[in-house]
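Please open the structure in your viewer and keep the selection tool ready. The stops below are meant to be followed in order.

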Amino acid sequence: MYNQTEVIKDTTELGPEGELVINMGPQHPATHGVLHLVVTLNGETIKKIEPHLGYIHRSIEKMCESLTYRQFIYVTSRMDYLSSHINNTACALLVEKGMQIEVPERAQYIRVILNELTRIASHELWLGAMAMDLGAFTPFFYAFREREMITDIMEDTCGARLTMNYIVPGGVMYDIHPEFQTKVKAFIKQFKEKVTEYEDLVTNNIIFQSRTKGVGVLSREDAISFGCTGPVARASGVSCDIRKIAPYDVYNKVEFDEVIETAGDSFARYMVRIKEMNQSIRIIEQLIDSIPEGEFVGKTKNVLKLPKGEFYQRVETARGEFGVYIVSEGGTTPHRIKFRSPGFSNLSALSHMAEGSKIGDLMATMGTLDLVIPDIDR
Amino acid sequence: MFSLEGITTATQDWLLIKFNPTIALAIECVIVILLSITLFAFLGLVLVLMERKVAARIQIRLGPNRVGPGGIFQTAADTLKLIMKEGLIPDNADKFLFNLAPFVVMMVAMLLLAPIAFAKNFQIWDINIGVLYISAISSLSVIGILMAGWASNNKYSLLGAMRSGAQIVSYELSAGFAVLTIVVLTGSLQISEIVAAQENGWWLFKGHIPVIIAFVLYIIAVTAETNRAPFDLAEAESELTAGFHTEYSGMKFALFFLAEYINIFIVCAIGATLFLGGWMPLHIGHWESFNHIMDYIPSSIWFMGKTFFLIFLIMWFRWTFPRLRVDQLLNLEWKYLLPISLFNLLLVTVIAIMGWHF
Amino acid sequence: MFLKDYILDVYNGVSSLLKGMRKTGYYFTHPKEIITEQYPDNRATLKLADRFKGEVIMPHDDNNEHACTGCTACEIACPNGTIKVVTKSEVNAEGKKKKAVDALVYRLELCTMCNLCVIACPSDAIKMAPNFEHSVFDRTKLTKILNQPGSKIREGIE
Amino acid sequence: MTNEEIKEYISSHAPSAIYDETGEWLNITIEATEWKKLAATIKEEPFQMDFLFCLTCIDWKTHLTMVYHLTSTILRHQLVIKANLNIDLPEINTVSNVWRTAEFHEREVFEMFGIQFLNHPDLRKLILEDDFKGYPLRKDFEDPINMIKL
């Protein structure tokens, strides 16, 4: 990453005025992957944070330039692997929009249900990982117990637990599993019972509250300026839910609230995600019994060719706004593809949020930003 | 009735018959050293296994269950692995201090073993300032930690050691005041007398509110003093990777690990002695038959039972709570625990002077 | 009231902590809630989802016949070049020359289990199998030839 | 705000702007030199384009095109601004002082396409190594070692 002289300077010499430069990452328990933060400290107080990215950069955008419009969808699962369904949906929606493919209603319902399940699974994992960042190990296991039910449902229907690749242009790859509905209902029942556990263990805990309240504050103006989306922006009072602004699939048919908090601190971000899980449950409850009969995939041509032009599709992943931008020359492969990942913009606000706080606050801030490094690096 | 007291007196008598007193004393010393080292090793293995099992049960897992029945040899296997590992010394580290630090921490833990009464009349050294001795020696462990943090030439270690220093120095106060509460009530610093004073009832159950407060304070303070979650800032896995022992590997790491668990055992043993009556059996008022049955349980089992109950309590804390931040940790001590314990000490002193206690 | 707030602070803090301890204490005393799966021990009873995408296989029937025509649709559909179809010309019963599959080379180490080849196959000759214990000591063993030696195409499949 | 009003307003600030309404959103192609002034203008009233949600570049082999996707969190309208750059000397003014998210996005575009963002506060490589040669997302990029030819 650096040339040799810089490394030595970074690790052995004190900076001006007794500053201490530590390399947090690429292997560090709290960076959840291979994020590298060069943190300048003054005692315990953070003076500057500089992210260094690229440890898991696979140049997916370049790869996609040589893949057809059917093939490139699977790659997007490998970006934000916790919301792979939603990423896949974004790509499928873009191809459908470009080629005016009609998507059967059944497929739309299935997509929305699976997207919301993915969102819950992602938030569950985040909850566990964040509690772990703050030193509480046990909620991780409780959160994973519920997440396991979702991955089982995914395994039944999609055949995979993490990188599903279940969404295809025109619908979904195959029909839902016969037991899908009963299993989802069982999950909803258990989730509603167990969600109080998180309140006892985490939300109401005095230590947790004092660790997160007033920590990593991001004002509304800054959230907009830094391009933050998703729960990070909504905790700062920015209304930015793509499911509300530009509904896709059947989101305009369901009732749900956009969760908005105004404090902008780590606790607000935490609360937004917890409440969002409940909203997701609400969406699933509305749809699960009324999945219409019919085809699960629309009629598509064998070879997909996007017309010449530019297409942009925005969706709301668990982390925020995910955008796919395709410039097509009319061939079977895109000329240029750009993925606008939510984590990348959210990360850029980290330095601003954590400056002047303690190392422990950095963990709380980073935990509530919910960074997924492959999503940032792409 | 089985009693450790009988064994010790028999051994001593036999030694005095066979040898002259000086040699007998020397042999006794050797026996004590061997016994305490054995106890150390045994406690290390048991406590680590217990921690893992408790954590597993709380976290709806099974825990270690592959080595031996129910995984009871897991820690022995781990120790074997750690012994075989290479002890790395980082570049530019202060080699002498780096190697010394784990032994300092370990020695402090060993010294603390001396005044603890494991059973009726089964004590290495019934020093007349026992409680003071414990308070004095236990604060030495911070030196070992600071040494380790500084000598490692690692910034994480240094940060961890500094945190640990601030933390232990602060929480010594509350722990000390909590201990003083009992000393004031008993009127003695000697462990055996403190235990003897609880013959009619343990201090915790005698119904003195200041004692109950002192007990809570003591548990919080010693949790912090032993660097256990929620006060494990010196290690703070998610912040400082492993804190002061980041650079240690192999047996030197194992010594730190062992010292941590021995320290827990010792502070819990002292807690049990001060508040839960040490080896005293549970006696309830005038239920003669009940008291008699309780007397039949050997005193060593009473002592170990109480100690392990407190150890379990501390483990329960660890697997439930998130970690505090460093400034909150010091806030908690200086703004909450210290005023409360000062007030508490004042209260108990008034009670003792007025003779309201029983 | 400073003192009242102070005491209330302490009380609320401690009660919130006790609530959490009650929860973990509940799980400690209820071993029935343990969810660990003892994987290598429960291998006999382990049941994966039918649709689990573990590897691509080519089902053969009792006569050692498969349904692959060697049309290379799967090869074209594959995003990472996992599948390579080697074809040969075969003379069938009516004396006509016909393209047939010689070897369907499948490289498991490149496969991402995206299922596109299965969807693309016009004669349903390949499918995903719910196997997951793929680890081998030699990487070359991951390159498999899916059609069994001596197998031929089933009658009536074009 | 209708497209006509936007066009009228933009024309008064960037006279050479070319409009394209075929896509989902209004596309405006401007001169690179006009961008600095225009960016500061459209963030304020009456457009309030306060949210830069996508910033990227396209390599057309003959020239490069910077693409800025903008939206307003208040008025909820979208706008796409494009600027064509010379492939031999791609230079454009930074907008990181207007939208701070651009700082990271511009660093990414800088290393992937080699575009110089004038007045950028910290234009260093973000993802690639410091001594990396070449611009990976350009069409003429060849990597003989790491590229897998299937």
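Start in chain C by selecting helix 1 and colouring its buried residues: Gly20(C), Met21(C), Lys23(C), Thr24(C), Tyr27(C) and Phe28(C). The model is a predicted one. Now show what surrounds these buried residues: they pack against helix 6 and helix 7 (180–203) of chain A, and also against helix 2 (21–58) and helix 13 (299–318) of chain B. Then select the whole of helix 1 of chain C, residues 2–29. Its 28 residues reach 40 Å from the first C-alpha to the last, close to the 40 Å expected at 1.5 Å a residue.

Stay in chain C and move to its strands. Select strand 3 (residues 83–91) and strand 4 (residues 97–107) of chain C, which run antiparallel and are joined by nine bridges. To find one of the bridges, pick Val91(C), whose partner in strand 4 is Lys97(C).

Asn64(C) has a positive phi of about 60 degrees, although it is not a glycine. Is Asn64(C) buried or exposed? Asn64(C) is exposed, because 12 other C-beta atoms lie within 10 Å.

Select Lys61(D), found in the loop between strand 3 (51–59) and strand 4 (63–71) of that chain. Lys61(D) is not a glycine, yet it has a positive phi of about 70 degrees. With 9 other C-beta atoms within 10 Å, Lys61(D) is exposed.

Turn to chain A and select strand 2 (residues 36–42) and strand 3 (residues 45–52), an antiparallel pair with seven bridges. Within the pair, Val39(A) stands opposite Ile49(A) in strand 3. The two strands form a hairpin with two residues between them, and Gly43(A) in the turn has a positive phi of about 70 degrees.

The next stop is helix 4 (residues 84–99) of chain A together with helix 5 of chain A; they pack at an angle of about 140 degrees, with axes 8 Å apart. That angle makes helix 4 of chain A oblique to helix 5 of chain A. Which residues meet here? From helix 4, select His85(A), Ile86(A) and Thr89(A); from helix 5, select Arg111(A), Leu114(A), Asn115(A) and Thr118(A). The residues of this contact divide into two nonpolar, four polar and one charged.

Go along helix 4 of chain A to Gly98(A). Gly98(A) counts as buried because it has 20 C-beta neighbours inside 10 Å. Leaving aside neighbours within four places in sequence, Gly98(A) is in contact with Leu306(A), Pro307(A), Phe311(A) and Ser328(A). One of these, Ser328(A), is 230 residues from Gly98(A) in sequence and 9.6 Å from it in space, C-alpha to C-alpha.

Finish by showing chains A and B together: 26 residues of chain A are in contact with 22 residues of chain B. On the side of chain A that touches chain B, strand 1 (20–24), helix 5 (105–133), helix 6 (138–158), helix 8 (206–212) and helix 15 (359–369) each supply at least two residues. Colour this side of chain A by residue class to see 14 nonpolar, six polar and six charged residues.

Definitions and conventions
Residues are numbered from 1 along each chain as its sequence is written. Chains are lettered from A and ligands numbered from 1 in the order in which they are written. This is a predicted model: local features need pLDDT of at least 70, side-chain atom pairs count only at pLDDT 80 or more; totals for chains, interfaces and linings use all residues. Two residues are in contact if their C-beta atoms, placed from the backbone, lie within 7 Å. Helices (H or I, at least four residues) and strands (E, at least two) are DSSP runs, numbered from the N terminus. Ala, Val, Leu, Ile, Met, Phe, Trp, Tyr, Cys and Pro count as nonpolar, Asp, Glu, Lys and Arg as charged, and the others, Gly among them, as polar. Axes are lines fitted to C-alpha atoms, for helices over the stretch in contact, and angles run from 0 to 180 degrees between N-to-C directions. Angles under 35 degrees count as roughly parallel, over 145 as roughly antiparallel, 65 to 115 as roughly perpendicular and the rest as oblique. Two strands pair if DSSP finds at least two bridges between them. The expected span of a helix is 1.5 Å times one less than its number of residues.
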